[in-house]
Amino acid sequence: QLNKPPTRPYGMINEVVIRGAKLWVANVHLTPVVGPPPIGFPITEPFRLRESRHLTGAVESLTEPVIAVGDFNSFWPAPTCLHMCRRWRDSRAAGSGPRHGTRPTYGIPFVIDHIFVRGNIRIRDYRVILGGGSDHRAVIAALDVPIQR
């Protein structure tokens, strides 16, 4: 469980082994926006930035690849996304399709759901799935993780 006091737990990190490839996957949900937009966003962004810094520090000593995926509740060029893009690789940059937003908020297609990677991972593709099931659109990435012997 990932937890950066005084905030509530913001995610889970698990070791995963697939066909001999060992990696870590952090499924995150950073602090949500509290209060009416746009006022609520800057009030809660410092919490998300602190959580993203904590996540980055928590995985720095890992030698295996790391994937951080989920609802970051932050978009470019907010401080949380700036921090993540400086220390991780954003899989969205590899996308070959249209640049859809992941959550249409007040009619504006914000990208607040992300897949970031660190280490020896090749990003082949990224997409936003246009479908129902949530107030967010799903994000997927095609990733190559080398098999470790």
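**View 1. Arg19 in the loop between β1 and β2.** In this predicted model, Arg19 is placed in the loop that runs between strand β1 (11-18) and strand β2 (21-29). The phi angle of Arg19 is near 50 degrees, which is a positive value in a residue other than glycine. Arg19 is exposed, because its relative accessible area is 76%, and exposed here means over 50%.

**View 2. Asn73 in the loop between β3 and α2.** Asn73 lies in the loop between β3 and α2, and its phi, a positive value in a residue other than glycine, is near 50 degrees. Is Asn73 buried or exposed? With a relative accessible area of 9%, Asn73 is buried, since buried means under 20%.

**View 3. The cis peptide bond between Trp76 and Pro77.** The peptide bond that joins Trp76 and Pro77 is cis, with an omega of about 5 degrees. Pro77 has its place in the loop between β3 (66-71) and α2. When residues up to four places away in sequence are not counted, both Trp76 and Pro77 are touched by Leu82, a residue of helix α2. Leu82 is partly exposed, with a relative accessible area of 22%. The C-alpha atoms of Leu82 and Pro42 are separated by 15 Å, and these two residues are 40 residues apart along the chain.

**View 4. Helix α1 beside helix α2.** The axes of helix α1 (residues 40-59) and helix α2 (residues 79-87) come within 8 Å of each other and cross at roughly 20 degrees. The crossing in which α1 passes α2 is right-handed. On the side of α1, the contact is made by Glu45, Arg48, Leu49, Ser52, Arg53, Leu55 and Thr56, while α2 contributes Pro79, Thr80, His83, Met84 and Arg87.

**View 5. The aromatic rings of Phe75 and Phe110.** A pair of aromatic rings is described by the distance of the centres and the angle of the planes. The count of aromatic pairs in this model comes to three. One of them is formed by Phe75 and Phe110, whose rings are tilted, with 4.6 Å from centre to centre and 40 degrees between the planes. This pair links distant parts of the chain, since Phe75 is in the loop between β3 and α2 whereas Phe110 is in strand β6 (residues 108-110), 35 residues apart. Phe75 is partly exposed, with a relative accessible area of 22%, and Phe110 also counts as partly exposed, at 23% relative accessibility. Ring pairs link Phe41, Phe75 and Phe110 into a cluster.

**View 6. Val111 and its contacts.** Val111 has its place in the loop between β6 and β7 (113-118), and at 12% relative accessibility Val111 counts as buried. Which residues is Val111 in contact with, leaving aside its neighbours within four places in sequence? They are Ser74, Phe75, Arg92, His100, Gly101 and Thr102. One of these contacts, Phe75, is also part of the ring cluster with Phe41 and Phe110. The C-alpha atoms of Val111 and Leu49 are separated by 16 Å, with the two residues 62 residues apart along the chain.

Definitions and conventions
Residues numbered from 1 in each chain as written. Predicted model: local features only at pLDDT ≥ 70, side-chain atom pairs only at ≥ 80, totals over all residues. Heavy atoms only, no water. Axes fitted to C-alpha atoms, helices over the stretch in contact; angles between N-to-C directions. Helix = DSSP H or I, 4+ residues; strand = E, 2+ residues; numbered from the N terminus. Left-handed = near helix turned anticlockwise from the far one by under 90°. Contact = heavy atoms within 4.5 Å. Buried < 20%, exposed > 50% of the residue type's maximum accessible area, 1.4 Å probe, protein only. Phe/Tyr/Trp six-rings, centres within 6.5 Å; stacked < 30°, edge-to-face > 60°.
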